[in-house]
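Subject: The structure I promised you

Hi,

Here is the structure I said I would send over.

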Amino acid sequence: MNEVKTKNYRMSINGEWIGEGLDLLEVVNPANGQIVGTVPNGGEREAAQAIEAAHHAFLTWSQTTAYERAGYLKRLHQLMLDNQEELAQLMTMEMGKPINESRGEVNYAASFIEWFAEEGKRVYGETIPSHAGSKRLQVWKKPVGVVAAITPWNFPAAMLTRKIGPALAAGCTVIMKPSGESPLSAVKLMELCEEAGFPKGVVNLVTGSSSKIAKAIMDDARVRKITFTGSTEVGKILIRQSAEQVKRLSLELGGHAPLIVLDDANVDLAVKGVMASKFRNAGQTCICANRIYVQAGIYNDFVEKFAEAVKKLQVGNGASEEVDIGPLINQAGLDKVNHHVQDALSKGAAVVTGGEPITKDGGVFFAPTVIKDVDQSMVVMQEETFGPVAPVQKIASEAEAVKLANDTPYGLAAYVFTENVARGTRVIEQLNFGIVGWNDGAPSAAQVPFGGMKESGIGREGGHEGIDAFVESQYVSIGME
Ligand code: SIN
């Protein structure tokens, strides 16, 4: 691995930047293998310090008004926009996302802070008609307490803000635990939180060993809520661990999104949609189209136009303005993608374009790929690929599309392309997915509920539902005699 000038970043607990003397974790740019920075390898001790700080700060933060909290969040939102370029460059450097996508992610991330700054003002309680003249029945809303936000490498800014935005707006204090692969965006966000003036201990950042930090968080009863984005495998471990103290959980887990193109679809629109969905972040997105079902009547036309569009994608270091497809996150990611393609080819699929790893400047790239004539026996149609590979399967009917789409333990996102309103409505009503794009390959936004059915998760982030996860209902019965 080549070493370039690196910066030693720190973690922040109770308003102090700490980490001196701890082992360091290297952050590697997957586009060229260079070490771009280090963060302290924190563990149980640092997690415990952060919990103590967040617990202490909760006593006063939870007593502030929603309007005061909105003031801090709006300052943070503006600071994120003001620092868009620095945040974007850092993101591209630490995990390879093409720079234009990174700029887009910063805006997307900031939009959650803005949305929840306002939404915090609408955490309404209830007055319920009483069964007795001598009683008044009310529901009050209370912040759930100290929240641990555990986030993945693929959206290093947006997954944090989608969690801490509603938590802070609701009156909770937070501990951010970013992925070891891409912690630098989180460090910058922490700096901006400091600049926005959040009181000490309200926002804390712990970097380091996921297992040690998670253990401390799960063992400490003062942490009342875990909000996690990551694999279904880890999500299940958190469910088991949270049982001990009945901690609140929000989980945004794996996906395996079907994208259905029916005979009456506008093929150009479908190609545009699948390009937007499949190749976002080089296919490393939980809601990426992972398996594409195209009805027989337009199969050939679709495959041809789709492959034409894919051939135009530029692969390379995301720092270049021209690049559309950056690297995979690491060698293991690349190996998995390659395995999916090789398995499909060995079982009878055919490459239309791409199909191979690309060796370039020490980075881990995979050519944007379309494979056709795939079927359900192939791993690529059974598991999340997390790479720039689009397998296309020919289907006979709408009924077959629905059956195949639902034939998975996952239920995060699905896409349907049809110009027929009745057909689209009918298909979507049968799809067991939390998010559906109808003639739309990019459904995400701050004001809508994001989350999955079945093994894709618990709860929803974003939208007005996104703040519910951070408040408890307290029923108060008032005797009037
Ligand atoms: C994800 O991959 O989990 C996030 C995608 C999104 O928010 O659109």
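Predicted model: local features only at pLDDT ≥ 70, side-chain atom pairs only at ≥ 80, totals over all residues.

Below are my notes, starting with the domains and ending with the cysteines.

Residues are numbered from 1 along each chain as its sequence is written, and side-chain values use heavy atoms, with hydrogens and water left out.

**The two domains**

The domain assignment gives domain 1 (7–253 + 456–477) and domain 2 (257–445); such bounds come from an automatic or database assignment. Taken over C-alpha atoms, their centres are 31 Å apart. In the contact between them, 24 residues of domain 1 meet 32 residues of domain 2, where contact means heavy atoms within 4.5 Å.

How much area do domain 1 and domain 2 bury between them? It comes to about 2200 Å², with 53% of it on carbon and sulfur atoms. Buried area here is the accessible area (1.4 Å probe) that two parts lose on being put together, summed over both. The rule also finds 1 salt bridge across this interface, a salt bridge being a side-chain nitrogen of Lys or Arg within 4 Å of a carboxyl oxygen of Asp or Glu. Elsewhere in my notes I have a salt bridge between the side chains of Glu-321 and Arg-103, at 2.9 Å from N to O.

Helices (H or I, at least four residues) and strands (E, at least two) are DSSP runs, numbered from the N terminus. Leaving out residues up to four places away in sequence, Phe-155 touches Lys-97, Glu-105, Arg-280, Asn-281, Gln-284 and Thr-285. Thr-285 is 130 residues away from Phe-155 in sequence, yet their C-alpha atoms are 8.2 Å apart. Phe-155 has a relative accessible area of 6%, so it counts as buried; buried means under 20%, exposed over 50% and partly exposed in between (1.4 Å probe, protein chains only).

Then look at Ala-257, which sits in strand E13 (residues 257–261). Ala-257 is buried too, at 1% relative accessibility.

**Some strand pairs**

Strands pair if DSSP finds at least two bridges between them. On one side of the story, E7 pairs antiparallel with E6 (residues 126–128) over 3 bridges, and the two form a hairpin with 6 residues between them. E7 is also joined to E25 (residues 471–479) by 9 bridges, again antiparallel, with Lys-141 opposite Ser-473.

Further along, 4 bridges join the antiparallel strands E16 (residues 357–360) and E17. Their hairpin has 2 residues between the strands, and Asp-361 takes a positive phi near 50° there. Both faces of E17 (residues 363–366) are covered: Gly-363 and Phe-365 on one side, and Val-364 and Phe-366 on the other, are all buried.

**The cysteines**

How many disulfides does a search of the whole structure find? The count is 0, with a disulfide taken as a pair of cysteine sulfur atoms within 2.5 Å. For Cys-172, the nearest cysteine sulfur is that of Cys-193, 15 Å away. Cys-172 is buried, with a relative accessible area of 0%, and Cys-193 is buried at 2%.

Happy exploring!
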